Amino acid sequence: MPRRPARSHLLGLIAAAVIPVWLFAAYLLGQYALHDRSRFEQDALQTARQVSLVVEGEIANLQTILDGLSKSAALANGDLAGFRGEALRVVQGTDRIIVLRDLGRNQLLNTEIGYGAKLPLVEPMSARDREKLKASGIFVSNVFAGKDPQDYRISVAIRVPVLTGEDLLLSISVPTARIRDVMMPAVPEGWTVGIGDRDGTYVARSKSHEEMTGKPGLPEYLEKIVGRSGSFTSRNFEGTTLLAGYYRSSYSDWFYTANVPLSVVQAPLWRSLAAICGIGLLALLVSMALGYVVGKRFTVATAELAARAEALGHGRTVEPLSTSVAEFAAVAQALVDAERAIAERRYELETVLETVPAAVWFTYDPKALQVIRNRFAAELMGLPTDGRKSFGAPDLVINTVAVKDGHTVSREDRPLSRAMRGELTDNEEFAYILPSGIERFLLSSARPIRDPGGSIIGAVQISLDITDRKRGEEHRKLLANELNHRVKNTLAVVQSIASQTIRNATSLPEAGRTLSSRLVSLAKAHNLLTQKNWSGADLNDLITASINPHARMERFQISGEKVWLPPNVALSLALAIHELTTNAIKYGALSNAKGSVSISWKLASQKRHRRLELDWREKNGPTVGPVERKGFGTQLLERVFASDSAGRIVLTFEKSGLVCNFQVNLSGSNEAQVPKAFSS
């Protein structure tokens with residue numbers, strides 16, 4: 001075996017110690033570079049998706065405005081002038097424009113143009129766009145120029161069904177600058193975000209928006225935007241090479257791109273490489289002088305670095321490395337910084353998911369039985385949020401009953417389970433019955449999570465709680481039915497009053513005056529009931545309202561406890577008091593200057609029944625004689641509470657004046673019935 005000097009062995013030892021370290025450092029650097037590149041790509045994709053959520057939230061707001069306008073009664077009745085007033089109130093003080101048009105070239109209304117002015121023709125809607133509108137119920141336009149060539153706009157349109165003829169198109173447009181302003185809070189510092197329409201024309205851009213909006217993108221850039229999302233490198237208009245992440249929305253069919261200069265992505269790699277090379281050369285020279293001691297230190301430091309790299313790979317905390325070798329210290333610090341960056345990114349994601357006002361579920365379980373849920377999802381399912389496991393720890397799903405379109409949906413057919421099979425779910429409504437019995441209505445969307453190779457590794461579901469909206473819709477239907485019923489009853493009352501007034505009147509003028517007076521009394525009672533949402537009326541208020549239009553209150557002594565009358569009893573009693581008052585003015589105590597009327601009442605209870613006893617007593621009026629002919633007023637008084645179930649009324653014609661005694665049953669009164677006095 002040939003022998004060599006110790007220097008050669010030392011150099012060999014140095015080479016044996018340094019070269020593996022260099023190779024190992026290069027490997028770590030390469031892994032770090034790949035990870036950093038992947039991180040930038042993920043950041044680009046995440047930024048593009050976040051911007052799409054923000055922008056399409058604004059588009060959804062515009063759709064909500066259109067949905068509200070499409071239900072306008074003026075529009076349903078063909079009252080374009082009235083509908084235009086409603087549309088102007090919606091866009092007042094904004095740069096929005098609302099247009100109502102047919103699917104051809106004709107505009108019917110344009111809030112930017114005065115009512116009655118001739119409206120210019122517009123481009124007819126293409127067959128492809130009609131199909132998209134028919135399929136999704138909403139159409140988001142490409143960029144188009146407004147009146148001012150520099151005023152580029154986009155519009156959101158919905159179909160408005162028409163009972164006769166072809167459906168109409170209701171749209172609202174906003175300047176593209178509005179889209180730019182909406183997305184800016186979601187744009188990270190140092191990034192450039194662009195939004196393009198279906199034809200590749202710029203809708204908005206976070207930088208140089210005014211120069212780029214309405215202009216087509218670079219062909220070499222656009223041809224790389226394929227599929228739903230991804231990333232690529234390309235040059236921009238200034239010739240700078242960019243790393244771009246994109247996302248194409250299925251809602252608007254626009255694409256969103258987030259771009260960062262490739263030099264920014266590669267800068268850490270080149271800096272680390274330069275640092276390692278310089279420090280490595282210095283370490284080699286020092287190692288040649290220090291020999292075995294330096295080599296031993298390298299060996300120890302290398303083992304420490306390996307341990308920290310392993311900790312980083314397993315998600316454990318990476319501790320700083322104390323070493324006199326600058327190269328290893330730099331690599332160790334890079335590992336520490338990488339571990340902190342990963343922790344910060346995870347914390348940011350957790351913060352976003354815990355803050356966003358929507359329920360979010362993740363699963364990596366093929367059967368979707370183990371889920372990771374955010375705070376809103378836990379609250380929605382009735383789970384406690386204090387002391388819960390930290391975000392990222394899976395829990396078992398809640399055993400709920402899901403219903404869609406009146407049919408129970410098995411767990412395998414719910415959005416999260418279907419997403420694990422690769423299916424996409426968009427805005428599907430489900431009713432969930434929790435174990436506590438509470439019912440929740442959710443609007444859910446779900447997507448599979450794929451690895452870079454395209455294999456499904458998990459799924460995510462986002463749901464909005466629309467319980468209040470659904471219950472509000474049911475409440476509005478109930479109110480409409482109730483209003484319809486009350487109108488029918490009121491018309492029946494008015495018809496009966498008019499018929500019997502005319503039948504009992506001696507002349508047409510007398511019939512007109514009497515009918516008008518009775519309808520005013522009925523209207524007063526309606527006003528009282530309307531103020532209380534038709535829950536009933538106070539007896540004292542009802543008597544005052546019935547008397548006040550016809551006589552001075554000083555002529556009346558009114559006394560009695562507080563009594564709340566059901567709606568049907570209130571209407572009948574109001575008309576009865578009105579008839580007694582007008583009779584007293586014509587023939588009774590109020591026909592002279594001395595007469596007065598005493599009204600008193602009390603409540604009497606018998607077991608579960610409540611009965612009102614009310615006395616009307618006239619004094620100091622003309623002498624009262626027997627009544628030979630019964631007019632409608634007398635008939636009404638005798639019939640208003642004629643049945644045993646309603647009560648009874650007794651008229652006594654004493655010499656001192658008329659005495660009328662009411663006994664009215666208040667238990668079991670039904671406000672939806674026509675008052676008894678008008679049933680024939």
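Buried residues make up 43% of the 680 residues in this chain. Buried here means under 20% relative accessible area, with exposed over 50% and partly exposed in between, using a 1.4 Å probe and protein chains only. A word on the source: this is a predicted model, where local features need pLDDT of at least 70, side-chain atom pairs count only at pLDDT 80 or more, and totals for chains, interfaces and linings use all residues. Residues are numbered from 1 along each chain as its sequence is written, and side-chain values use heavy atoms, with hydrogens and water left out.

Now the overall picture. The chain has 17 helices and 26 strands. Both are DSSP runs, numbered from the N terminus: helices are H or I with at least four residues, strands are E with at least two. Next, contacts, meaning heavy atoms within 4.5 Å. Take those with a separation of 6 or more: 55% of them join residues 24 or more positions apart.

Let's look at strand β1, residues 97–102. Is it covered on one face or both? Both faces are covered. Ile 97, Val 99 and Arg 101 are buried on one side. Ile 98, Leu 100 and Asp 102 are buried on the other.

Arg 101 has Gln 107 as its bridge partner in β2. β1 and β2 form a hairpin, with 4 residues between them.

What does Ile 98 touch, beyond residues up to four places away in sequence? The list includes Leu 69, Ala 87, Val 90 and Val 91, and also Leu 170 and Ile 172. Leu 109 is on that list too. The C-alpha atoms of Ile 98 and Leu 109 are separated by 7.9 Å, and the two residues are 11 apart along the chain.

Next, a loop. Ser 249 lies between β10 (241–248) and β11 (255–261). Why is Ser 249 called buried? Because its relative accessibility is 2%. Leaving aside neighbours within four places in sequence, Ser 249 is in contact with Glu 56, Arg 228, Trp 254 and Tyr 256. A polar atom of the Ser 249 side chain also lies 3.3 Å from the backbone nitrogen of Ser 252.

On to a sheet. This one is open, has 8 strands and pairs antiparallel, in the order β14-β13-β12-β19-β18-β17-β15-β16. β14 (395–396) and β16 (407–409) are at the edges with a single partner strand each, so one side of each has no neighbour in the sheet. Inside that order, β12 (359–363) and β19 (456–465) pair over 5 bridges. Trp 361 has Gln 461 as its bridge partner in β19.

Last stop: cavities. A cavity is a set of points on a 1 Å grid over the protein atoms alone where a 1.4 Å probe fits but cannot get out, and lining residues have an atom within 4 Å of a point. How many of 30 Å³ or more does the search find? It finds 4 in the whole structure. The largest cavity holds about 250 Å³ of space. Of its 16 lining residues, the closest to the centre are Trp 361, Val 397, Arg 411, Arg 414 and Gln 461. Helix α12 gives the most to that lining, with 3 residues.

Definitions and conventions
Pairing = 2+ DSSP bridges. Polar contact = N/O pair within 3.5 Å; in protein donor to acceptor, adjacent residues only side chain to side chain. 1 Å grid on protein atoms, 1.4 Å probe; cavity = no way out; pocket = protein on both sides within 12 Å on 5 of 7 lines; lining within 4 Å. Points joined across faces, edges and corners; volume = space filled by probe spheres on them.
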